[in-house]
Amino acid sequence: MEATVPDERPSTEGPATFREVFGQREFRAVFVAGALSWVGDYVAKAAVTLLVYQQTKSVALSAAAFAVSFLPWLLGGPVLAALAERYPYRRVMVACDLIRMALMLVIAIPSLPYQAVLVLIFAATLANPPSQAAKSALIPQLLTGDRLVLGLSLNSSIGQAAQVVGYVFGAGVAAIDPAVALLFNAATFGLSALLVRLGVRDRPAVMNPAHRSHLLRETREGFGIVFRTPVLRAIAVLVFSAMLFSIVPEGLAAAWANEETRGAVSAGTAQAAIMVANPVGFILGGLLVSRLFGPARRLKLMRPLAVLAPLVLVPVLLDPPPLVVALLAALCGFAVAGMLPMANGLFVQALPNGFRARAFGVMATGVQVIQGFAVLVTGVLAERLPIPIVVGVWSAAGVVLMAVAALRWPDRQTVDDAITAASVANAEPPPDGPAGDDTVGDTADPHTSDGHRRHAVT
């Protein structure tokens, strides 16, 4: 029988509901498991940072303990993420959770030298790229249409909420006993593995053993599919540009709060307000925009929101009080979260199934590098110029960059052709059997006409 290609272009259907999304049993398991491991991760970051500082009394080593968790993405994120294509997604996620659980239990051993702690933290975070890549590739198999958009917004928002909760809870528990916080993190990984193992059905690996080549070649193919496909390249530019400026207030919060506080609030309060503002705005933006507007309207709002995100930060040129800076940072996070689910949803529509995990690795690594670059460059500039001037001018440059990206957005025909090509590729199994199972869960609506996703930043 000839395979039929579904029409996956954005439709005028109404927005999906939370009930519809959480009615999908497998998504519930993945969502809760992700929330647990994210909270545990941020609790552990707070605990390890304090643990190293208690042993060494060195701010530099304490900062290194925090930064080491980003190294796997920078040193080999796309390669590690490519591993997820070779094995069933559920197996990858469970194995990574168990590995991280075991290593956290070792780190919690009393009086462990800080050198060993740093090595073990690095080893544990090596499991992050394949685990997150597998999760990112699995979610579009569980949800379709506007349910997928809302599901991805929920997934993104819970990550931001976990950051706030994890840091606050972790700092409090670690102040009493860092080992307790580490044991808590180990327990969250154990529960996450159990939820995924019992709550998600097994599916075959996307890449059959007969189709494997060298891992580096497979990684290179991931870069190729992203940057040689006009639609995917345009989305990557939009996402990377958003990350280039939205992280800056958070990255400079400590110095900004201590230099600019004018007596209304303490420096600590100002720093906390600026640091949590973007995640809070992101949570609200992701949930409200996905919930209040249908797919067609969100598609129209995507590019205006992309330009609005840096635009709301330009007024910091006037050197407002820190709490106003926090409000502007929250508005920036709101705008970014409003456009990301649709942008990343189009990304998955134009992406063949066999490249999902590898493409996620490319995007996630790009986000990490872009954010680190932005904070590093603006930090160096802020050594010589006032912080409001640096952030304001940087954001104004972001407005120009986003406007160019919006103007160079592919036309509708190009987008439709890319979606159709990916749909045809996904509907045609290879000669030796299916490369992967894209069966949607029981509550999926077969009549839904659009499908979306987000990478994981985020």
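I began with Phe 22, which counts as partly exposed because its relative accessibility is 26%, where buried means under 20% relative accessible area, exposed over 50% and partly exposed in between, with a 1.4 Å probe and protein chains only. I keep in mind that this is a predicted model, in which local features need pLDDT of at least 70 and side-chain atom pairs count only at pLDDT 80 or more, while totals for chains, interfaces and linings use all residues. Residues are numbered from 1 along each chain as its sequence is written, and side-chain values use heavy atoms, with hydrogens and water left out.

I then looked for aromatic pairs, taking rings of Phe, Tyr and Trp (its six-membered ring) with centres within 6.5 Å, and calling planes under 30 degrees apart stacked, over 60 edge-to-face and the rest tilted; the count comes to 3 pairs. Phe 27 is buried, because its relative accessibility is 0%. For Phe 22 and Phe 31 the centres are 5.2 Å apart and the planes stand at 80°, so that pair is edge-to-face. Phe 31, at 13% relative accessibility, counts as buried. I recorded Phe 22, Phe 27 and Phe 31 as one aromatic cluster.

Next I turned to helix packing, with helices taken as DSSP runs (H or I, at least four residues) numbered from the N terminus, and with axes fitted to C-alpha atoms over the stretch in contact, angles running from 0 to 180 degrees between N-to-C directions. Helix H5 (residues 89-107) and helix H9 (residues 178-199) pack at about 160° with axes 8 Å apart. H5 and H9 are therefore roughly antiparallel, a term for angles over 145 degrees, with under 35 as roughly parallel, 65 to 115 as roughly perpendicular and the rest as oblique.

Which residues make the contact? With contact meaning heavy atoms within 4.5 Å, I listed among them Arg 90, Met 93 and Asp 97 of H5, and Leu 182, Phe 189 and Arg 197 of H9. The contact of H5 with H9 divides into 13 nonpolar, 3 polar and 4 charged residues.

Last, I checked helix H11 (residues 230-246) and helix H16 (residues 322-349), whose axes come within 10 Å and cross at roughly 160°. That angle makes H11 roughly antiparallel to H16. The contact of H11 with H16 has 14 nonpolar, 2 polar and no charged residues, where Ala, Val, Leu, Ile, Met, Phe, Trp, Tyr, Cys and Pro count as nonpolar, Asp, Glu, Lys and Arg as charged, and the others, Gly among them, as polar.

Technical notes:
Helix = DSSP H or I, 4+ residues; strand = E, 2+ residues; numbered from the N terminus.
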